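Hello,

Here is the structure for your files. My notes on the aromatic rings and on the ligand follow below.

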Amino acid sequence: MMNRLIRPTLLGLITLLLPMFLWAEPQPLVFSHVVSPNTPKGKMAEMFKSMIESKMGDRFEIVIYPNSDLMDDDEAVSAIAEGRIHFAAPSLSKFEAYTQKLKVFDLPFLFRDIEAVNRFQKSPTGQSLLTSMDSQGILGLGYLHNGLKQLTADRPFTQPGDLAGLRFRTMNSDVLIKQFELLNAEAVPMAFSEVYSALAEQRIQGQENTWSNIYSKAFYEHQPYMMISNHGVLDYMLITNSDFWKELNEEDRDMFRYALEMALKYGNAVAKAKSANDKIELTSMKSISVFKPSASELATWQTAMQPLWASYEDLIGENIIQAARQASRH
Ligand code: SIN
């Protein structure tokens with residue numbers, strides 16, 4: 001009697017719920033970043049989206065917000081920690097609220113070239129930094145290159161002393177702030193999205209960034225003087241929320257990991273090509289004057305900035321700095 005009553009009700013419930021399962025929308029996963037789509041990070045994000053959606057598009061949709069359209073990087077890092085967004089790839093200079101160890105990437109002239117950065121990132125020490133914020137909700141899934149930074153200004157400069165008194169935009173990192181203070185310049189930390197207007201309105205006189213960012217965000221329109229300084233690195237950590245990642249089932253996690261590996265490989269190839277191409281674009285512009293220092297001229301910049309290595313040894317960890325130096329000795 002009971003069974004006969006339950007059966008039609010159960011059947012009715014299934015008939016009612018079935019369309020809900022059939023029409024379930026894919027879960028939107030937000031990937032927020034601050035650069036143009038046509039950059040190493042922008043291209044990497046698009047490749048990641050297309051790989052995930054081609055394999056699991058019925059269940060996941062990667063929603064990319066480029067150009068700081070959703071939020072700037074400082075907010076993106078806390079949004080990842082709190083699980084409000086799913087993916088981001090902020091510059092390694094933007095994690096100081098969560099770890100001091102990544103400051104190693106900000107030390108001026110620590111890495112000889114991008115290959116040295118690559119070696120360090122792949123070393124056991126570099127890999128261990130990916131999990132250094134896990135307990136705070138931020139899990140690193142890999143590194144992405146943009147490239148080495150160059151100095152630019154609205155007036156000629158060839159020696160460290162030439163920057164005295166000028167206002168330079170920096171990312172929000174105290175190593176970068178101190179780097180300019182050592183040159184008696186004023187560091188002005190500011191979100192990436194504000195740099196162009198700050199340059200145009202002459203609220204700052206200079207900045208440091210990669211060839212790709214200077215070109216894609218047209219900073220050069222207000223910075224006719226550049227120095228091939230290669231004095232620092234601007235790379236990214238691709239991050240996700242730790243709980244989101246751990247709650248994925250193993251099969252999905254493997255798929256995400258595979259898509260990310262492929263996307264990062266592609267992004268790194270784009271970074272290499274863009275760094276070379278955008279450098280050529282910028283250095284061949286008639287409106288731009290490029291200072292290419294000799295080895296001894298560069299040495300004066302190194303001497304001026306390098307004291308930062310020793311002053312950050314305790315905070316970052318001597319072993320981390322040594323591993324980074326080792327990567328440059330090859
Ligand atoms: C980026 O490349 O993501 C932006 C870096 C910056 O803030 O200068």
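How many aromatic pairs does the count come to? For this predicted model, the count comes to 17 aromatic pairs.

Phenylalanine 31 belongs to strand E1 (residues 27–32) and phenylalanine 48 to helix H2 (residues 40–56), so the pair ties together parts 17 residues apart in sequence. Both phenylalanine 31 and phenylalanine 48 are buried.

Phenylalanine 87 and phenylalanine 256 form a stacked pair, because their planes are at 25 degrees, under the 30 degrees cut-off; the ring centres are 6.1 Å apart. This pair links distant parts of the chain: phenylalanine 87 is in strand E3 (residues 87–88) and phenylalanine 256 in helix H10 (residues 250–283), 169 residues apart. Phenylalanine 87 is buried, with a relative accessible area of 0%, and phenylalanine 256 also counts as buried at 0% relative accessibility.

Now the ligand. The ligand sits in the largest cavity. The residues surrounding the ligand include Val34, Val35, Lys94, Arg169, Met171, Phe192, Asn209 and Leu234. Oxygen atoms of the ligand lie 2.7 Å from a polar side-chain atom of lysine 41, 2.9 Å from one of asparagine 213 and 2.5 Å from a side-chain N or O atom of tyrosine 236. Taken alone, the ligand exposes 260 Å², and the protein buries 100% of that.

Regards

Conventions. Residues are numbered from 1 along each chain as its sequence is written. This is a predicted model: local features need pLDDT of at least 70, side-chain atom pairs count only at pLDDT 80 or more; totals for chains, interfaces and linings use all residues. Side-chain values use heavy atoms; hydrogens and water are left out. Rings of Phe, Tyr and Trp (its six-membered ring) pair if their centres lie within 6.5 Å; planes under 30 degrees apart count as stacked, over 60 as edge-to-face and the rest as tilted. Helices (H or I, at least four residues) and strands (E, at least two) are DSSP runs, numbered from the N terminus. Buried means under 20% relative accessible area, exposed over 50%, partly exposed in between (1.4 Å probe, protein chains only). A residue is near a molecule or strand if one of its heavy atoms lies within 4 Å of it. A polar contact is a pair of N or O atoms within 3.5 Å; within protein, one must be able to donate a hydrogen and the other to accept it, and residues adjacent in sequence count only if both atoms are side-chain atoms. Accessible areas come from the Shrake-Rupley method with a 1.4 Å probe; for residues, only the protein chains shown count as cover. On a 1 Å grid over the protein atoms alone, a cavity is a set of points where a 1.4 Å probe fits but cannot get out, and a pocket is an open set with protein on both sides within 12 Å along at least five of seven lines; lining residues have an atom within 4 Å of a point. A molecule sits in a cavity or pocket if more than half of its atoms lie within 2 Å of its grid points.
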